[in-house]
Every structure is written in C-alpha cells, then in structure tokens.
Amino acid sequence: MQANPSNLVYPASNASGIKRRIREFALIGRDPVLFIGLLLSGIFIFIFVVFPLYRSMIGGFISKEGAFDLTYFGRYFDAYYGPALRRAFTDTMLMGLLTATAGTIVGFIFAYAVVRCQIPGKKIVHWLALVPTVSPPFALALSMILLFGRSGLITHELLGIEFVKGMNDIYGLDGLVIVQTITFFSVSYLMLKAMLERLNPAMEEAAASLGAGRFYLFRTITLPLLIPGIAGSFLLLFVESLADLGNPLFIAGNKTVLSAQIYLAVIGEYNYQKASALSLVLIIPTLVIFLIQRYYVNRRTYISVTGKPAGSQIREKDPIIRWVVNIITYQIIAFIILLYATIIYGSFSSAWGVDFTPTLKHWSMTLTRGVEAILDTTFLSVLATPVAALLGMVIAWLVVRKKFTGKDALDFASNLGGAVPGTILGIGFVMAFNKPPLALAIVIYALLALFYAQVIGKRGYERIIILVVGTAIGVTLTKLEPRTMYFTLGGIYLAIAVVLMISQRKFAKPLAIAIIGIYVMSTNWATMLTKPIAAFSRSIERGFWSNATVQFADHIKVILQPTPALLAIVLAFAGVVLLQGLSGKALRVGIGVLGLAVPCALSFVDVPFAMVGGAYIIMAAFIVRSLPASVRSGVAALQQIDPSIEEASNILGADAQYTFRKVTIPLILPALLAGLIFSFTRHMTSLSAIIFLVSAKWRIVTASILSEWEQGGVSIAAAYSTVIIVFVLVAIFVLNLLVNRMFKGRGSVDMSQGF
Amino acid sequence: MYLTLENITKVFPPRGGVSEVTAVQNVNLEIKKGELVTLLGPSGCGKTTTLRMIAGFEFPTTGKIILDGEEINSLPPHKRDMSMVFQSYAIFPHLNISENIAYGLNVKRLPKSEIEKKVNRVLELVHLEGYGHRAPTQLSGGQQQRVALARALVMEPKVLLMDEPLSNLDAKLREEMRTEIRRIQKELNITSVYVTHDQIEAMTLSDRIVVMNEGVIEQIGTPVEMYRYPKSRFVANFIGRANFVSAVVQKQHDRNLTVKALGEVITLKNIKGEFVADSQVTLIIRPEMTRIKKSGELFKGTIRRAVFLGDVIEYDVEILGQTITGIETDPHVMDLFPEGEQVTVGFAEGCIQALPVE
C-alpha cells in the first residue's frame with residue numbers, strides 16, 4: 001500500500017528550490033542509466049526538434065541579409081497580396097473544419113458499426129478502415145483523380161461527362177475534403193472505437209432503468225460521455241488536415257492552402273524567409289489545437305482509454321438503426337476498396353483515360369529508374385526504425401517511471417516533432433542544418449564533455465584535467481588531414497583497448513572499444529570497399545540489378561561514414577559506458593583524456609552538423625516524425641506494468657541497466673515491436689517532412705511520386721504507391737504474426753496507439 | 001544496533017499541482033539483528049515511505065540510515081543487500097518460478113549448480129517443491145505470495161523488507177501465511193521490517209511494533225507493551241479497542257492512583273506514570289476490562305445496545321451520559337440484558353491505564 005501523504009502538509013522546509021534541483025541532479029547522477037537516457041533523448045530532441053523548429057519559426061522575421069524584417073507578415077494586410085493570402089488562410093481553415101467534421105462523423109459511424117451493431121465481417125471492416133493510415137499521403141488523391149478526374153474512369157468513360165471550363169470538377173475544396181476525409185477518418189475511428197468499448201454498459205442500463213427513452217438516453221448519457229473523444233478526434237483531424245501536403249498538391253486545383261503555399265515558396269522561389277513566415281501562420285492554429293487537446297480535452301475525459309475494455313458491450317437493438325449504420329459503413333468500405341484497386345490497376349494501364357489495356361511497361365520503368373528511390377527509402381526507413389523505436393521506449397520509460405524536473409518538457413517536445421506540420425519541420429531542418437552555427441556544436445559538446453568527465457573522473461582535479469587536456473587534444477586533431485585524423489582516432493581506441501586488456505585483465509569491454517576503433521578507421525576504407533561494388537555494377541547490363549548494386553555501395557558508405565558530430569555523441573556515451581569505474585589514478589586520467597579527445601575531434605571536424613543533402617538528415621526527420629507513435633505505444637505498455645516489478649529487480653541487486661534489459665524490455669517487447677512497425681510505416685509514407693531534404697543522391701519514393709505526377713507519369717506514380725503500400729502491409733502482417741506467435745496470452749498489441 | 005534510522009525526514013517536493021508534502025518527520029528507530037519490527041499505522045501515515053527509504057527507493061531529505069555501522073543514505077537499492085516482498089508480489093511474469101527465485105542470484109553471477117541448490121532449498125522452505133517450472137499465472141494467490149517470499153529469502157539479505165505482503169490474500173490464507181512468515185523468519189533469524197495496517201498481523205508477527213501516525217512515530221514497543229501501556233489515545237484506539245473516560249486525580253501512592261470518574265471514586269492499581277492531584281486524566285478502559293452485572297458493581301448504567309457475537313456478548317452501557325462499550329466473556333451467561341435494562345458496571349482496576357490529558 002503506497003502511503004498517501006496528501007493530507008500531511010507541513011510548512012515548507014528550509015531547503016530552497018534551487019538547492020533541491022541540484023540535489024535532484026546529484027541523485028540522478030547516481031543512476032547513470034537514467035542520466036544517459038535523459039541526456040541522450042534530451043540531446044536528440046534538442047538538436048532535431050527544438051532547434052529546427054526554432055529556426056523555422058524565427059526565419060520569417062529575418063531577411064536574407066540578416067536584418068529584422070516583417071515583409072511577409074505585412075503582406076497579409078496590404079491591398080496587393082492581401083486578398084489572395086487571406087483567402088488561402090480562410091480556405092485552409094475551411095478545409096480543416098470540413099475534413100474534421102466529415103472525418104469524425106465517418107469515424108463515429110464506423111466505430112458504432114464495429115462496436116455496437118455487430119456488423120458482419122467486423123475484423124475485415126476494422127482492418128480496411130486502417131489501410132488509409134498506412135498508405136502514402138496522396139495515394140487516395142491520385143486514385144480519386146483517376147476515377148473522377150477530367151478523363152477519369154467513372155466521370156469520363158462511364159458517365160461520358162466532357163469537362164468544359166467553369167464546370168465543377170473533382171479539383172478544388174470539395175474533392176480535397178472527400179480525399180482527406182477518407183485518408184484521416186481512421187484516426188477518429190480508432191479513438192471513438194476505444195471509447196465506445198470502454199463505456200461502462202451499466203451507465204446506460206442505469207439510465208434506461210430510470211426510465212430514459214433511447215434517444216433521451218443517447219442525448220443525455222452516451223453522447224456526453226463520448227464528447228471528449230469526439231472533440232479530441234475533431235481537433236486531431238483538423239490538425240492532420242492542415243498539415244497535409246500531398247493531397248492538396250494533387251487535387252486542390254486552383255485553390256491554394258497554406259501547406260502547398262509553403263511548399264511552393266521553397267521549391268518554386270527558393271525563398272526560405274517567405275516559407276518560414278507562412279509556416280508561422282500555419283503553426284499557430286496547429287499549436288493552439290495541440291495545446292487544447294493536450295491540456296484541456298484529455299483532462300476532461302471520463303473514460304480512461306488506457307484501461308481494459310468493459311466486459312460486455314451494449315448492442316444496438318433497433319434493426320433500422322443497425323442496418324443504416326452498417327450499410328453506410330459497407331458503402332464507404334467499398335469506396336475505399338475501389339480507390340485502392342484503382343491505384344493498383346492504374347499502374348498497369350497503358351495510358352489512363354485513353355487506353356486502359358494492361359501493360360507492364362510502367363512497372364519495368366519503376367523497377368529500373370525507380371529502384372534507386374525504392375531502395376534508398378527502404379534502406380533509410382529500416383535503418384532509422386530501431387533508433388526511433390528504442391528512443392521511443394526510453395522516453396516512454398523516463399516519462400512513466402521516473403521523476404525529474406523537465407519531465408513534462410521532454411514529453412511535450414517528443415510529441416511536438418510529430419504534431420507540427422511536416423513542411424514546417426522540413427524547412428526548419430534545411431535552415432538549421434545547411435549552415436549550422438558553431439554554437440550548436442559547442443553546446444552539445446560541452447554537455448557531453450561535462451557528463452563524460454563527471455563519470456570518468458573521481459575527483460575534481462581529475463575531471464578538470466580530463467576536460468581541458470581532452471578537449472585540447474581533440475581540437476588539435478581536427479587540424480590533421482581527414483584521412484590521417486580518422487586513422488589516429490581509431491588508433492587511439494585501439495591503444496586504449498590494448499592498455500585496458502593488459503592492465504585490467506578484462507576482455508569484453510576492451511574488445512568493444514577495439515571494435516569501435518576499427519569502425520572509426522573504416523571511414524577511410526569505405527570508398528575502397530565500395531569502389532569494386534560500383535565497378536561491378538557498371539559491368540552488368542543497365543537495369544534493375546545494376547542500379548540496385550550501386551545503391552548497395554552507397555548504403556555501405558552510409559553505415560561506415562556517419563555524420564561526425566552524430567558519431568561524436570554516440571562515442572561520448574560509449575566512452576561513459578565502457579570506461580567508467582577504472583581503478584588507478586594515472587590510468588583513469590590518461591585514458592579519460594584520450595577517450596574524450598576522439599568525440600571532441602569528431603564534434604568539430606569540418607562544419608559540424610552540416611547534414612543537408614546527406615542520408616542522416618533524412619533519417620533524423622523520419623525519426624522525429626515517428627517518435628510520438630512509438631513513445632505512445634511504450635507509455636501505454638509501461639502503464640500496465642506494476643512499477644514494483646522493476647523495483648523488485650532493483651532490490652534483488654540489479655542496477656537500472658540490468659533491470660531495463662532483463663525485465664522492462666521483455667515485458668514491453670510487444671509494444672516495442674509495434675513501435676518498430678509504426679515507425680517503419682511512418683518512415684515509408686512520410687512526405688512533407690522530407691520533401692525538402694531529398695537530394696540527387698538520396699531519393700525518397702514519396703517525393704518521386706510527386707515529381708512523376710508533375711511530369712504526367714500517372715501510372716508510374718501509381719506503381720510507386722503500390723510498392724509502398726505492399727511493403728508496409730507486409731511489414732504489418734509480419735508483426736502481427738510475430739506477436740501472435742511469440743506473445744500469445746501476454747500483452748496484446750494495441751494498434752490504436754500508433755496513429 | 002543493526003539497522004538505525006536517525007532523525008529521518010522525507011519531504012516530497014511539490015509536483016504537478018500538489019504542494020509540498022512531508023511524509024515522514026523525525027523518525028528515530030533502532031532495530032536489532034534478527035528482530036522483526038512492524039511499522040503499523042493507517043494509510044498515509046508514512047510507514048510505506050519509511051520502508052522505501054530503508055530499501056533505497058526514496059532518499060531521506062534529512063537524517064541518516066545506518067546499516068551494520070555504515071551509513072547507507074546514498075546507496076542505491078541494488079547495493080544495499082536487502083530484499084523486499086511487495087504488496088503486489090511483483091513476480092516477473094515472463095519468468096517461471098525457478099527463474100524468478102534465481103533472478104537475484106543470477107545478478108550476483110553465482111555458479112549454476114549453486115543457484116540450483118539454493119533455489120531448491122528455498123522452494124522447500126516455503127513448501128513449493130516441484131513448482132519450479134510453472135509460470136506465475138499458474139499459481140494461486142497464496143502460492144504467488146510464497147514465491148515472492150522465497151525470491152527475497154534466497155538472497156540471504158541483511159534486512160528483509162515486507163510491504164503489506166498479505167493484504168491481497170483472503171482472511172483464512174492470511175492467517176496461515178502470518179504464522180508461516182514468522183516461522184521462517186525465526187528459523188533463519190533474519191532481520192525484518194514489516195509494514196501493515198492490520199493490528200492483528202502486527203501483534204502476531206512482531207518482536208516490536210512501531211505505530212506511526214501522520215508521519216511521526218507514536219510509540220514503539222513489544223506487542224504486550226503496546227496493548228497494555230499505550231502512550232496515546234491514537235495507539236490505544238489503533239491497537240485493540242478502548243473507551244476513553246475523563247477523570248480527575250485525587251491522589252497517587254506508588255502505582256496506585258485514586259481518581260474520580262463517572263461520578264464515583266476508584267483506585268487503579270499498576271499505573272505507569274506520575275500524576276499530580278487535581279489534574280485531568282483520560283482512562284483507557286478496554287471492553288474486556290468491564291464487568292456488567294444486574295447488581296453488585298459500583299457504577300450504575302442503562303443498556304443501550306446488546307449484540308450477541310457468539311464467543312462474546314457486546315454491550316453499550318450508558319453511564320452518566322457517556323457510552324461505555326463492554327463485553328461479557330463468561331460462557332455461562334445465557335441471556336442477554338434487553339435494551340433499556342438498568343445494570344451495574346465494574347472495571348478491572350488492575351488493568352486500566354491513565355493518560356494525561358493532551
């Protein structure tokens with residue numbers, strides 16, 4: 001029984017707030033795993049969420065020359081640009097409102113059908129309702145156009161409508177809202193389904209026994225209890241709709257919405273100031289709603305969604321209502337199936353609108369020219385996936401289990417990256433990491449070095465020596481020619497490994513250090529290793545395999561040549577883990593100095609954090625976007641585990657690290673796997689956040705779909721979309737199989753946490 | 001002393017709209033080796049916080065925790081050589097019974113054969129031989145409780161901590177496990193701290209009981225001392241039941257105290273404490289210290305309530321406007337006094353204690 005001390009309020013003790021903070025940090029310091037977790041997630045979120053968002057927010061106020069400038073905000077109020085800009089703003093809001101309303105209604109109908117109307121084929125309906133969440137962002141817009149466009153299958157072929165100027169076609173706000181409704185209603189469906197399932201039947205039965213008629217009951221009991229869910233879903237859909245870039249680009253016609261305006265400002269005019277200014281206009285409503293959702297709606301929820309579903313469900317008894325609901329659901333399902341079938345068939349038809357005969361020529365184009373994008377996307381998505389999922393679990397663990405100052409900030413910021421419109425994040429990434437300020441590298445390095453010295457050194461002067469000498473050596477090393485530098489850095493690790501092996505007579509840790517050393521050196525060998533592969537690719541006939549081989553060579557390079565500043569962060573933590581607790585003052589200080597010199601050199605080599613155009617910035621964007629989903633699935637899993645299970649492990653002699661490995665991770669493994677899949681799905685389908693980050697070398701399928709579409713390659717766009725959908729569905733299928741096989745009876749995966 | 005708490009205070013900083021809370025205040029406690037000490041009190045009295053500070057899950061704001069001569073204030077739980085039985089048992093659901101029990105031994109990296117030997121021995125001790133390969137979900141509540149206990153015992157901890165370990169069991173099983181825990185604790189002579197809010201549990205298990213209330217210790221003593229000589233109304237009321245009767249001291253002679261209470265003068269024997277004449281005191285009269293007769297006793301009263309409980313008959317008697325609860329334990333008494341009956345009441349003067357008025 002946990003003591004409930006709330007009724008024992010004594011006058012404040014004499015320790016001041018600041019003193020207490022310091023004490024608290026001293027306590028955290030005793031728990032290195034907590035500290036590493038905190039620092040690692042904190043640094044990641046600072047570099048890749050807070051800093052870029054900050055850049056994109058203030059970017060609108062700063063002109064090319066670096067002066068304070070309000071031009072682009074002023075334009076909203078002048079007579080020349082004003083009307084169009086204001087119309088774009090009101091159109092955007094209108095789109096959001098319509099999509100949110102329609103999506104919530106459709107979501108509610110689906111939830112009602114599945115939970116209360118015993119709709120036949122419940123499982124299939126459920127899974128089909130979720131398909132839109134895992135398809136690329138504009139897949140549905142594409143197939144809407146294929147079906148109902150000016151030369152669409154239904155409008156033109158079947159109904160024989162000839163479009164003339166001025167006639168209402170699928171392009172514009174109406175088409176956009178329909179597409180967005182279908183794309184986003186799943187979110188609403190999942191939220192409302194969870195709520196309906198957890199609504200205690202006893203409440204409605206109580207109302208009925210008190211004489212309430214069915215409509216009176218619905219109006220006074222069911223609906224009020226669901227209001228938080230409905231409000232939550234409405235707000236979420238509103239934000240999703242505003243953030244959507246893919247669909248407006250495809251189907252908005254002559255209407256402009258903010259996200260598309262931002263995109264055009266960057267791609268069309270290369271004007272980042274304008275894009276930033278527009279971003280700020282877009283982010284304000286988004287953030288307001290995010291905050292309302294988080295701090296108002298969630299606190300007014302009567303039904304806890306984390307709990308178990310109520311044992312029994314009320315069933316809709318009125319057959320008319322039941323069948324009306326079911327038939328509407330079936331119709332929408334049929335429409336969804338039709339849309340996806342169209343995409344798939346679209347990729348096979350010779351020339352959509354003119355010649356519908358099937359052909360494989362688009363697929364052969366997709367698989368030769370497009371193989372680069374497909375492989376790059378898959379590779380980067382896969383590589384980023386474990387990082388995102390693990391980081392998500394660590395943050396979830398910190399948030400649920402640990403008490404520390406700044407916990408709310410961590411929770412908030414980890415959600416922020418996924419909540420803001422992706423275009424804004426993308427702009428922020430470009431602005432932040434094109435010519436990043438040296439201050440960023442210095443701040444990050446200082447944090448790492450302080451932490452490192454604190455752990456490695458035992459006394460004050462030892463720490464100071466490690467800090468000062470280590471940094472000095474590190475900075476000197478950056479003056480070396482890169483090739484020599486990497487060899488030296490790797491050599492340092494090898495030397496440390498040898499010394500430790502001899503002096504400490506231990507094997508495992510020095511081996512790990514030696515491997516790191518070789519890895520650091522291998523940066524120099526990457527080209528040597530990949531050259532023969534590239535040469536081999538040229539020797540085979542041009543086509544799928546030769547392109548694929550070239551990509552393979554590139555991917556090896558990515559693995560061997562990470563961004564130095566990021567590698568530095570990882571190495572600093574590796575140093576903390578592997579070098580702590582050395583005995584012998586001289587050894588401790590000597591090795592401590594060398595162990596710091598390497599991350600220091602890597603932190604400041606070239607222009608630190610200049611990542612635009614590379615692979616790592618795309619992966620970082622992927623992770624930022626998928627983090628909230630994996631954090632949520634981790635939080636949900638952890639909240640169901642009794643905290644004393646971890647305490648039991650702790651008091652049996654296991655430290656936090658052992659406990660996390662042997663108890664926490666096995667228990668949240670289903671959630672971790674779910675986090676992996678959510679992340680992978682998000683990565684494969686993300687567009688808005690990475691559209692500005694793709695380069696000639698690193699192509700992403702979603703961006704390729706867009707450019708194919710712009711060039712009129714409808715069928716190739718459809719083929720790309722099919723590829724993504726298939727990849728994602730296969731991944732989800734495999735997860736389900738795994739979870740059902742491995743964890744039968746032990747914690748099922750709640751898919752709804754991922755969206 | 002083996003385990004000492006010196007002036008322990010725990011203040012929880014304000015967080016999330018809850019203002020600062022002092023959960024434990026100036027707790028001093030000394031525990032001998034091999035002793036079982038119970039922390040007893042209502043919920044929110046700070047007993048669990050105290051236990052968690054001993055375990056290392058919370059750190060005291062001020063004060064010292066000393067184990068075997070060493071200050072362990074800043075030692076994290078896994079370095080304290082203690083083990084704990086949790087209210088929820090906290091059995092690792094992904095490990096079987098043997099693996100659960102062996103968990104701490106594996107952390108210590110003991111050789112496999114030794115681990116096996118120890119696990120088997122402790123399974124025998126808690127009467128769970130042959131259950132090693134079962135999954136936790138296949139065990140009943142009582143068996144899970146035994147596993148939790150075995151997992152703590154196998155570590156041969158310096159101190160065994162138990163946080164309301166029996167509160168999730170039904171009454172009959174609880175009684176059985178109570179005796180069982182005491183047997184094992186004595187057999188292994190293991191220093192233990194036991195948290196509970198159940199006074200019977202505390203009475204049956206403990207060498208000494210610590211009663212806590214609102215974050216401070218009310219009284220420490222053996223079960224007998226706690227029952228016979230409570231130092232406050234809170235303790236008297238929490239351990240056993242008591243009537244509180246105000247009285248005025250007439251005179252004290254050694255351990256004999258003459259007081260005027262309920263309109264009559266009585267002399268109490270075996271009084272602990274010194275009282276001056278004319279001072280106000282509160283008498284602690286437990287129900288079993290009453291004699292309720294038709295006639296012949298000193299005090300006159302009226303029966304207000306009579307309940308037949310099987311082993312005893314319980315009466316509420318009104319004497320001069322105050323209700324005194326008394327019991328009749330004599331099995332020869334066949335008939336209850338009806339409500340409204342005039343009776344006489346006598347007290348066991350040798351047992352009643354007096355408290356100065358607070």
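This is a predicted model: local features need pLDDT of at least 70, side-chain atom pairs count only at pLDDT 80 or more; totals for chains, interfaces and linings use all residues.

Two residues are taken to be in contact if their C-beta atoms, placed from the backbone, lie within 7 Å.

**Nonpolar core**
- The largest nonpolar core holds 320 residues, among which Met144(A), Ile618(A) and Ala621(A) touch the most other members.
- Helix α26 of chain A, spanning residues 615-639, supplies the largest share of this core, with 17 residues.
- Once neighbours within four places in sequence are set aside, the contacts of Ala621(A) are Leu425(A), Gly426(A), Phe429(A), Ala689(A), Ile690(A) and Leu693(A).

**Strand pairing in chain B**
- Strand β1 (residues 3-12) and strand β2 (residues 21-31) of chain B run antiparallel and are joined by seven bridges; within this pairing, Leu5(B) has Leu29(B) of β2(B) as its bridge partner.
- β1(B) is also joined by five bridges to strand β4 of chain B (residues 62-67), again in an antiparallel arrangement, and here Glu6(B) stands opposite Lys64(B) of β4(B).

**Confidence along chain A**
- The average pLDDT of chain A is 81, and 91% of the residues score at least 70.
- Residues 1-15 of chain A have a pLDDT below 50, although the model gives this stretch 39 contacts beyond near neighbours in sequence.
- For residues 745-749 of chain A the pLDDT likewise stays under 50, and the model has nine contacts for them beyond four places in sequence.

Conventions:
Residues are numbered from 1 along each chain as its sequence is written. Chains are lettered from A and ligands numbered from 1 in the order in which they are written. pLDDT is the predictor's confidence in each residue, from 0 to 100. Two strands pair if DSSP finds at least two bridges between them. Helices (H or I, at least four residues) and strands (E, at least two) are DSSP runs, numbered from the N terminus. A nonpolar core is a set of buried Ala, Val, Leu, Ile, Met, Phe, Trp, Tyr and Cys residues joined through C-beta atoms within 7 Å. A residue is buried if 20 or more other C-beta atoms lie within 10 Å of its own, exposed if 12 or fewer, and partly exposed in between; C-beta atoms are placed from the backbone.
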